[in-house]
Amino acid sequence: MKIFGDVLFSQEEDEDIPFSKLKRLLEMPYLKPRYRLSVLTQDEQVAYIIPEGDIVADSINYTESYQSGQRRNISLELVNVDGRYTPNVNGLWVNSRFSFEIGIEYSGRIIWFPKGIYIMGNVDLTRGNSEKTVSLQLLDKYAIFEGKTGTLEVAYEVELGSDIRDAVRGILNFSLENGYILDYKDVIFDPSLVGMVTQQTIRAEQGENYGTVIDALATQLSAEYYYNNVGNLCFYPINETVDDSVKPIIWTYPSFGRDLHNMSLSYQNEDIVNCVKVVGDNVDDGIYSAVVTNENPSSPICIQQVGRRTAPPYSEANVWSDDLAHDLAMYYLRKSSFVAVQFSCSVSFNPVLTVNNICEIEDDYLNLKRNKLLITSISFTSGSGQMSVAFCNTEDLPSNTKRT
C-alpha cells in the first residue's frame, strides 16, 4: 500500500495483509513496538542488522516533518561494550547509510514499516564506570545534497530546455571519487511531470550545493520533493499534494477512544498569515508574480475574520510564469496556515501515521466533530508506547482564495 509516494509496510512473506486486518491488529489493547536498524552498503543493500538488544532502551528519538528536502531525523544510542560500533573506516564511518523500520508483532511474526533511509551524522562515544555507548545522529538521506558531500567545487549549470528528470538523475550519479556515486536508487517522478524541461538556465555558484539545484528544478516543476521511506527521491506536483479532498482517511480517533491521549490547541496569533505574494523572474522587462489571499469563510484566520495579514514576499528566481507564481503562492499560504491554529496530541503507537495525510478526530472539549485533520509532524521516543502528532484542521486552510 502506498500513500503519497511512501510505502506503508513491507511484505516479507507471501501472506497478503489487507488494511482492515492491519487496523484490527493496531487496535489491540497492547502492542509491543519493535525497531530494526540496518547498516547498508553504499548501493543500499542490507549489510547487517544491528541487534535490537544493542540499541539502548528508550534511546531512539524519531522526528518527521511535512516539508520538502529533509523530512526525517533520528538520534539513538548503541551499547558499545566490545567496541564494535566505534567509528572506523572498516565499520561505521562518514557516509555510512542506514535503514530504519518500526514493527508490530503478532502470532510469532513481525510486520515491518519502513521509516526512511539515513546517512550518519555526528557521533559521540561515552565511557562511564558501568557502560560504554555510542550516540548516533542519523540524517535524512537528502542531507547528501546539502552537506559537505553536496558542496559544489565549481559553478554548476542546467541549460535551458534540459529534461528535468534527466538533470536530477545526473545529480544522483555524481561521482564521490571513492568508487561510489551520490545515490544508486532512481528518482520517482509523478507521470504528469515526466518530459518537462527547464524554462530557464539554472546556475548554482561555487560553494553552493546540489540541494540548491534540486530546489530550483522543483520550483520550475511546481513540485514537492523529498525522499520517501524506502529511499527514492520523489517529485510530486504541489497541486496534487495539497489537495486534501482526495486523500484517504488513514486513521479515525473517536470521542473517548483509548488511542487518543493528551490533546491541546495552540493559537499562534503572531504567526497568522492570510496573504502571500510570490515574485518571480524578470523576463523582457516583465516580472512574473502572484498574490493570493485566504478568503475561505470557514477559516478562522481568513481576511474577513482577522483582516489582511501579509507575509514578506517570496522571491523565486526560477518562477517563469504568472501561473507558476500563483501555484507557489497558494502552496506557501497553505504552509503558513499550519502554524496559525495547530492541534497537538499524544496517540498510541501507530506505524501507519505519516505526514501529509488525513486523520479524523472527535473531541467535544475542542469542538472536533470527526474533523479531517492533516498530519504536519510526528515524533516519538522508543519505549513510550506513544507518538506526538501535530495536526492542522483542513477546514482552516485557504480552500477559497482570491488571486490578484
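User: Ground rules first: helices (H or I, at least four residues) and strands (E, at least two) are DSSP runs, numbered from the N terminus. What kind of model is this?

Analyst: This is a predicted model: local features need pLDDT of at least 70, side-chain atom pairs count only at pLDDT 80 or more, and totals for chains, interfaces and linings use all residues. Residues are numbered from 1 along each chain as its sequence is written, and side-chain values use heavy atoms, with hydrogens and water left out.

User: OK, loops. Where is S107?

Analyst: S107 sits in the loop between β7 and β8 (109-127). Its phi is positive, near 50 degrees, and S107 is not a glycine.

User: Buried or exposed?

Analyst: Exposed, because the relative accessible area of S107 is 73%. The cut-offs: buried means under 20% relative accessible area, exposed over 50%, partly exposed in between (1.4 Å probe, protein chains only).

User: What about S222?

Analyst: S222 also has a positive phi, of about 60 degrees. It lies in the loop between α4 and β13. S222 is buried, since its relative accessible area is 8%.

User: Switch to β3. How many of its residues are buried?

Analyst: Eight of eight, in strand β3 (residues 33-40). P33, Y35, L37 and V39 point one way, and R34, R36, S38 and L40 point the other.

User: Which strands does β3 pair with?

Analyst: β7 (residues 97-106), through eight bridges, antiparallel. β4 (residues 46-50) is joined to β3 by four bridges, also antiparallel. Two strands pair if DSSP finds at least two bridges between them.

User: Which residues stand opposite each other there?

Analyst: R34 faces G103 in β7. L37 has I50 as its bridge partner in β4. The β3-β4 hairpin has five residues between the strands, and E44 there takes a positive phi near 70 degrees.

User: Helix α3 next. Which residues are buried?

Analyst: In α3 (residues 164-172), I164, A167, V168, I171 and L172. They fall within an arc of 145 degrees seen down the axis, so they line one face of the helix. The arc is that of the directions from the helix axis to the C-beta atoms.

User: What covers them?

Analyst: The cover includes α2 (143-146), β10 (156-158), α4 (210-221) and β13 (223-227). Contact means heavy atoms within 4.5 Å.

User: What happens at the start of α3?

Analyst: A side-chain oxygen of D163 comes to within 3.0 Å of the backbone nitrogen of R165. That is a polar contact: a pair of N or O atoms within 3.5 Å; within protein, one must be able to donate a hydrogen and the other to accept it, and residues adjacent in sequence count only if both atoms are side-chain atoms.

User: Aromatics. How many pairs?

Analyst: There are 18 in the whole structure. Rings of Phe, Tyr and Trp (its six-membered ring) pair if their centres lie within 6.5 Å; planes under 30 degrees apart count as stacked, over 60 as edge-to-face and the rest as tilted. Y66 and F338 form a tilted pair, 5.8 Å centre to centre with 35 degrees between the planes.

User: Why pick that one?

Analyst: Y66 is in the loop between β5 (61-65) and β6 (72-79) and F338 is in helix α7 (residues 322-338), so the pair ties together parts that are 272 residues apart in sequence. Both Y66 and F338 are buried.

User: What charge sits over the ring of Y66?

Analyst: The charged end of K335, 5.0 Å from the ring centre. The test is NZ of Lys or CZ of Arg within 6 Å of the ring centre and within 35 degrees of the ring normal. R71 lies over the face of Y226, at 3.7 Å from the ring centre.

User: Which residues make up the aromatic cluster?

Analyst: Y142, F145, F189, Y225, Y227 and F235. Within it, Y142 and F145 pair edge-to-face, at 5.1 Å centre to centre and 65 degrees between the planes. Y142 is buried, at 0% relative accessibility.

User: And F189, what does it stand opposite?

Analyst: F235 in β14. β11 and β14 run parallel, joined by two bridges. The open sheet of three strands has the order β11-β14-β13, with mixed pairing. β11 and β13 stand at the edges, each with a single partner strand, so one side of each has no neighbour in the sheet.
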